[in-house]
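Subject: The structure you asked about

Hi there,

Here is the structure, ready for you to open next to the sequence. My notes on what turned up follow below it.

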Amino acid sequence: MFGRVKPLDAILATAEKKSLHRSLGPVQLTLLGVGAIIGTGIFVLTAAAAQKAGPGMMWSFMIAGFVCAVAALCYSELASMVPVSGSAYTYSYAVVGELLAWMVGWALILEYAVAASAVSVGWSGYFMGLLKSLTGFELPALLSAGPSWSLSGIDFSHGIINVPAIFVALAVTALLVIGTKESATVNAVLVAIKVAALTMFIALTLPAMNSEHFAPFTPNGWFGPAGTSGLGVVGAAASIFFAYVGFDAVSTAAEETKNPQRNVPIGLIGSLAICTVFYLLVAAGAVGAVGAQPTALGVQPGSPEFAAQCAALSKQGSLPLVCSNEALAHVLRSINYTRAGDLIGLAANLALPSVILMMLYGQTRIFFVMARDGLLPEKLATVHPKWKTPHIVTMITGVFVAIAAALLPVGQLADISNSGTLFAFLMVSIAVLILRVRDPKRHRPFRTPLVWIVSPVAIIGCVLLFFNLPVEAMLVLPIWGGIGLVVYFAYGYRKSHVGRGLIETHEADFDAPPQPLPPI
């Protein structure tokens with residue numbers, strides 16, 4: 001099992017046999033990265049981060065951004081060497097073998113699908129807020145939010161099913177089925193709207209900053225009160241880390257990128273740098289304008305206790321930032337920029353689907369390459385003859401994303417997604433070091449600088465953040481991994497192309513899409 005390593009040369013040869021159309025350049029790729037990164041972390045998870053860390057979430061954004069940056073450097077080296085779909089799964093297959101590669105791919109399914117669900121829930125909050133502000137109409141609470149979850153049980157008193165989240169998840173799925181290039185073009189427009197909205201938010205909130213709102217700066221401390229998990233500055237960093245990981249979706253687009261050896265590193269590092277600046281400025285504006293203190297110390301966002309506290313505060317007419325489902329619009333309305341708040345809500349309604357799009361995009365491409373390797377039914381790797389997209393896995397993924405979005409709150413979805421994300425990043429950081437030792441002479445269009453420092457720091461950072469997730473989120477990874485092992489030994493182990501000695505090509509050429517004509 002551990003000996004089933006697929007040579008890098010075979011991976012590249014496979015991609016040529018059944019490949020996706022290469023249509024994305026460096027600008028499009030960077031925009032795809034910005035579209036995936038800027039979104040839920042700022043528009044939505046700002047409230048959850050504030051409940052965990054208070055104003056100290058400023059440090060949380062910096063910690064999460066730093067860990068993501070060192071992981072991005074590791075990703076850049078491998079993505080430039082192996083410019084095919086599959087991301088961390090493909091890299092792991094080439095370095096540490098099939099079993100761990102399967103586990104990484106299985107974890108990436110958890111990352112992307114649950115992340116797409118989280119953003120769908122975030123979009124729902126802004127949609128309902130804008131609808132109420134403009135028309136006065138709002139859906140009953142039971143139809144616009146899922147139930148509250150904790151280890152002690154499920155509370156349906158504040159929500160049953162999130163209908164708007166179901167709608168947006170299925171609508172984006174339909175867009176992705178149509179085609180990658182069309183999706184990327186729509187995404188570029190949405191990214192421009194999103195960046196303009198955040199720029200307006202910064203311009204309006206920074207002059208309104210009040211230094212008193214920053215005290216106490218870390219009400220829950222760095223690691224949360226004794227006896228709790230997933231709280232404090234580091235706990236908030238573990239949650240909002242999810243908002244940075246869109247750069248991983250960029251690496252999954254390598255097989256659809258022109259000149260990937262140059263363009264993938266540009267897309268990865270460029271998009272991360274742009275987004276980090278926005279994150280810090282927007283977070284500072286939100287805290288300084290209205291404050292960001294938690295409802296009570298030691299209370300997890302999304303828990304039944306938190307929902308009850310927010311319901312009580314809402315009845316009193318004093319809804320704090322941490323309770324808002326539309327954090328940035330709430331901030332602007334609170335400082336008497338009502339119309340600007342509506343514009344932020346409109347921008348979120350238009351732009352958050354671009355984040356859902358990229359999460360679903362990354363998810364379906366992971367499925368595509370795992371099926372191409374024989375670890376999942378190869379029918380899933382079918383490329384549509386007209387749209388040139390893996391339409392079967394796209395539709396299947398969209399349905400599951402819609403179900404999760406309907407039933408879970410955004411903060412808990414983000415934490416669950418991170419459990420898979422951090423494991424995948426950990427494996428990539430290890431793979432870079434192993435490959436440097438095993439194959440030091442292989443050409444590396446992008447080399448991770450100070451790799452023997454950067455990679456261990458990324459490994460330590462991923463482990464630290466994982467163990468600062470809430471307990472229920474940490475438990476998801478081993479449970480999900482156990483299910484994955486059952487699937488692997490029941491199907492993938494026997495059907496694996498590498499296990500059967502089929503490492504040069506994966507399937508007959510008759511079902512491969514036609515090669516595109518050269519540009520004129």
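Which residues does S429 touch, not counting residues up to four places away in sequence? The answer is C74, S455, A458 and I459. Before going further, please keep in mind that this is a predicted model.

**The overall picture**

The protein has 20 helices and two strands. Of its 520 residues, 60% count as buried. If you take the contacts between residues at least 6 apart in sequence, 83% of them join residues at least 24 apart.

**Helix 18 and its partners**

On the helix 18 side, the contact is made by S419, L422, F425, L426, S429, I430, V432, L433, R436 and V437. Helix 19 brings V451, W452, S455, P456, A458, I459, C462, V463, L465 and F466. Sorted by class, this contact has 16 nonpolar, three polar and one charged residues.

Helix 18 also packs with helix 20 (residues 471–495), at an angle of about 45° and with the axes 8 Å apart. Helix 18 and helix 20 are therefore oblique to each other, and their crossing is right-handed. Here the contact involves Q412, D415, I416, S419, G420 and F423 of helix 18, together with E472, A473, V476 and L477 of helix 20. These residues divide into five nonpolar, three polar and two charged. S419 is listed in the contact with helix 19 and also in the contact with helix 20.

Between helix 18 and helix 19 there is a loop, and L450 has its place in it. The phi of L450 is near 50°, a positive value in a residue other than glycine. L450 is exposed, with a relative accessible area of 64%.

**The cysteines**

The angle about the S-S bond is -80°, and the link is left-handed. C310 sits in helix 14 (residues 304–315), while C323 is in the loop between helix 14 and helix 15, 13 residues apart from its partner. C310 is buried at 10% relative accessibility, and C323 is buried with a relative accessible area of 10%.

C74 counts as buried at 0% relative accessibility, and C68 counts as buried at 0%.

**Around helix 15**

A329 lies in helix 15 and is buried, with a relative accessible area of 0%. Leaving out residues up to four places away in sequence, A329 touches Y126, G341, I344 and G345. A329 and L343 are 14 residues apart in sequence, and their C-alpha atoms are 8.0 Å apart in space.

N336 is found in the loop between helix 15 and helix 16. Is N336 buried or exposed? N336 is exposed, with a relative accessible area of 68%. Its phi is positive, about 70°, although N336 is not a glycine.

**A cis peptide bond**

One last item for your list: the peptide bond from A215 to P216 is cis, with omega near -5°. P216 is found in the loop between helix 10 (180–205) and helix 11 (232–240).

Happy browsing, and do write back with any questions.

Best wishes

Conventions
Residues numbered from 1 in each chain as written. Predicted model: local features only at pLDDT ≥ 70, side-chain atom pairs only at ≥ 80, totals over all residues. Heavy atoms only, no water. Contact = heavy atoms within 4.5 Å. Helix = DSSP H or I, 4+ residues; strand = E, 2+ residues; numbered from the N terminus. Nonpolar A, V, L, I, M, F, W, Y, C, P; charged D, E, K, R; others polar. Disulfide = S-S within 2.5 Å. Buried < 20%, exposed > 50% of the residue type's maximum accessible area, 1.4 Å probe, protein only. Axes fitted to C-alpha atoms, helices over the stretch in contact; angles between N-to-C directions. Parallel < 35°, antiparallel > 145°, perpendicular 65-115°, else oblique. Left-handed = near helix turned anticlockwise from the far one by under 90°.
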